[in-house]
Amino acid sequence: MSVRELVVLGTASQVPTRHRNHNGYLLRWDGEGILFDPGEGTQRQMLRAGVAAHDLNRICVTHFHGDHSLGLAGVIQRINLDRVPHEITAHYPRSGRRFFDRLRYATAYRETVALTEAPVDTDGVLARTPGYTLDARRLDHPVESYGYRLTEPDGRRMLPERLAARGITGPDVGRLQREGALGGVGLEEVSEVRRGQRFAFVMDTRLCEGVYALAEGCDLLVIESTFLDEDEALAVEHGHLTAGQAARVARDAGVRHLVLTHFSQRYADPDEFERQARAAGYEGELTVAHDLLRVPVPKRR
């Protein structure tokens, strides 16, 4: 059985708190695991969440501020200690390669795993697999930063009433799906397009074109909301979003489930992020993230 869910490992911006670890997010997408922005303490959070190094297939780093990348050293060494048997690919801004190298080789250890580096230096497709296409888009932060988006290929949904009208039943349905036509009946005559699911991960950024492009039509959007709306001037100064800004992006992009995260330690009441997101007009499913939360990707429409 396929599983598509977000496992939240940490939700704090800049510094961890008593209740929030540095950033860390694992997307389970069928048989693959994509780890986003492993901040300090991610390896321990993985243990607490029941996530093993063997679950990882990709690591995606948005930028090289410590709360998004200091956990790389421990995660990479754990991958090697556990002798993960498959290749793991790491994506990160090419301009930060020196930081990636320092973290990858922060201490001595025995390398046993093929870790492939695939740095990002422009908008576009990073990988195509049977289950998804992975894209990156440039964001607006004081250091080079990219957001990531997964798009499942569109499929087709069979329509039982049309199949019955043409006398197609049992194993013949599978033959029609595989071959595209059967007995003069084309697949498009008895099915409709089933849009693939879409996921986006947007961290430290001001509002910019890339934010909207990543969020467009997403089933699940994970997006930073470091500040509350009354501190919008601080958000702009430091290259971040407010709860209301993130919610308006989700509203305008038609996002089905919005996950707010990356909260400043200055705020004691997380419910205020939800109140401001709702006040901004977002009416879809909304989650204010906390550590060790699991968020399923919404079922297909």
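## A guided tour, stop by stop

Start by selecting aspartate 219 and arginine 256: their side chains meet in a salt bridge, 2.7 Å from N to O. Aspartate 219 sits in the loop between helix 7 and strand 15, and arginine 256 in the loop between helix 9 and strand 16, so the pair ties together parts that are 37 residues apart in sequence. A salt bridge here is a side-chain nitrogen of Lys or Arg within 4 Å of a carboxyl oxygen of Asp or Glu. Helices (H or I, at least four residues) and strands (E, at least two) are DSSP runs, numbered from the N terminus.

Before you move on, note that this is a predicted model, in which local features need pLDDT of at least 70 and side-chain atom pairs count only at pLDDT 80 or more, while totals for chains, interfaces and linings use all residues. Residues are numbered from 1 along each chain as its sequence is written, and side-chain values use heavy atoms, with hydrogens and water left out.

Now colour the two partners by accessibility. Aspartate 219 is buried, with a relative accessible area of 2%, while arginine 256, at 21% relative accessibility, counts as partly exposed. Buried means under 20% relative accessible area, exposed over 50%, and partly exposed in between (1.4 Å probe, protein chains only).

**The largest core.** Next, select Leu221, Ile223, Val255, Leu258, Leu260 and Phe273. These have the most contacts inside the largest nonpolar core, which has 31 residues. Such a core is a set of buried Ala, Val, Leu, Ile, Met, Phe, Trp, Tyr and Cys residues joined through side-chain atoms within 4.5 Å. Helix 9 gives the most, with 6 residues.

Zoom in on leucine 221. Leaving aside residues up to four places away in sequence, leucine 221 touches Ala200, Val202, Ala215, Ala250, Val255, His257, Leu258 and Val259; contact means heavy atoms within 4.5 Å. Apart from this core lies another, of 26 residues, among them Tyr132, Phe201, Leu220 and Val222.

**Helix 9 itself.** Of its 11 residues, 8 are buried, so helix 9 is largely enclosed by the rest of the structure. The buried ones are Ala243, Gly244, Gln245, Ala246, Ala247, Val249, Ala250 and Ala253. Their cover includes helix 7, strand 15, helix 8 (232-238), strand 16 and helix 10. Step just past the end of helix 9 to find glycine 254, which takes a positive phi of about 70°.

**Along helix 10.** Select arginine 275 and glutamate 272 for another salt bridge, again 2.7 Å from N to O. Both lie in helix 10, 3 residues apart, about one turn of the helix. Arginine 275 is partly exposed at 43% relative accessibility, and glutamate 272 is partly exposed at 23%.

**A serine in a loop.** Go back to the loop between strand 16 and helix 10 and pick serine 264. Is this residue buried or exposed? Serine 264 is buried, with a relative accessible area of 8%. Setting aside residues up to four places away in sequence, serine 264 touches Ser13 and Thr226.

**Helix 1 against helix 3.** Select residues 42-49 (helix 1) and 72-81 (helix 3), which pack at an angle of about 60° with their axes 8 Å apart. That makes helix 1 oblique to helix 3. Where do they meet? Thr42, Gln43, Met46 and Leu47 in helix 1 touch Gly74, Val75 and Arg78 in helix 3. Axes are lines fitted to C-alpha atoms, for helices over the stretch in contact, and angles run from 0 to 180 degrees between N-to-C directions. Angles under 35 degrees count as roughly parallel, over 145 as roughly antiparallel, 65 to 115 as roughly perpendicular and the rest as oblique.

Stay in helix 1 for glutamine 45, which is buried at 3% relative accessibility. Beyond residues up to four places away in sequence, glutamine 45 touches Leu9, Asn21, Asp291 and Leu292.

**Last stops.** Select aspartate 55 and arginine 28, a salt bridge with the closest N and O atoms 3.7 Å apart. To finish, display Arg4, Asp30, Glu152 and Arg300, which are linked in a network of salt bridges.
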